Amino acid sequence: RISDAVEAGDRDTARQQQFHSVSMVEVMTKFSFHAALKQVMQMLGMPGGPCRLPLTGLSNDDVKRLQQELQSIGFFDWCGHGEYVAGQSA
């Protein structure tokens, strides 16, 4: 979306989309980033399996916290999964 907006000369939309991207990364860096990335992909319906050693996945509490923090910044709304609830995307 950022690239499309830049190519269309729509700087306001590009800036807003970049802001969303930065917000998401700021949430994810509170956790093991690779594990958080895999979890976010799974939340969006793209299962990638567990992390390979020596990396570990997120605890159940961390998954809940990640989900809550992503919801608090509106992530599931602006990525097209506004009906996301407890591991299920609409």
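Which residues of H2 are buried?

Reply: The model is predicted, so local features need pLDDT of at least 70 and side-chain atom pairs pLDDT 80 or more, while totals for chains, interfaces and linings use all residues. Residues are numbered from 1 along each chain as its sequence is written, and side-chain values use heavy atoms, without hydrogens or water.

The buried residues of H2 are Ala14, Gln17, His20, Ser23, Val27 and Met28 (buried: under 20% relative accessible area with a 1.4 Å probe, protein chains only). An α-helix has 3.6 residues a turn, so residues three or four places apart point the same way. Across the protein, 30% of the 90 residues count as buried.

H2 runs over residues 11-28 (helices are DSSP runs of H or I, at least four residues, and strands runs of E, at least two, numbered from the N terminus). Its 18 residues should span 26 Å at 1.5 Å a residue, and the end C-alpha atoms are 26 Å apart, which agrees (the expected span is 1.5 Å times one less than the number of residues). The protein has five helices and zero strands, in the pattern α-α-α-α-α along the sequence.

The cover over the buried residues of H2 includes helix H1 (2-7), helix H3 (33-43), helix H4 (60-72) and helix H5 (75-78). Among these, H4 packs against H2 at an angle of about 155°, with the axes 10 Å apart (axes are lines fitted to C-alpha atoms over the stretch in contact; angles run from 0 to 180 degrees between N-to-C directions). H2 and H4 are therefore roughly antiparallel (over 145 degrees; roughly perpendicular is 65 to 115). Their contact is made by Met24, Val27 and Met28 of H2 with Leu66, Glu69 and Leu70 of H4 (contact: heavy atoms within 4.5 Å). Val27 and Met28 are also on the list of buried residues of H2. By class, this contact has five nonpolar, no polar and one charged residues (Ala, Val, Leu, Ile, Met, Phe, Trp, Tyr, Cys and Pro are nonpolar, Asp, Glu, Lys and Arg charged, the others, Gly among them, polar).

H4 also meets H3: their axes come within 11 Å and cross at roughly 65°, which makes H3 roughly perpendicular to H4. Ala36, Gln39, Val40 and Met43 of H3 touch Val63, Leu66, Gln67 and Leu70 of H4. These residues divide into six nonpolar, two polar and no charged. Leu66 and Leu70 of H4 take part in the contact with H3 and in the contact with H2.

The loop between H3 and H4 holds Pro54. Leu53 and Pro54 are joined by a cis peptide bond, with omega about 10°. Of the contacts in the protein between residues at least 6 apart in sequence, 51% join residues at least 24 apart.

Key: Buried means under 20% relative accessible area, exposed over 50%, partly exposed in between (1.4 Å probe, protein chains only). Angles under 35 degrees count as roughly parallel, over 145 as roughly antiparallel, 65 to 115 as roughly perpendicular and the rest as oblique.
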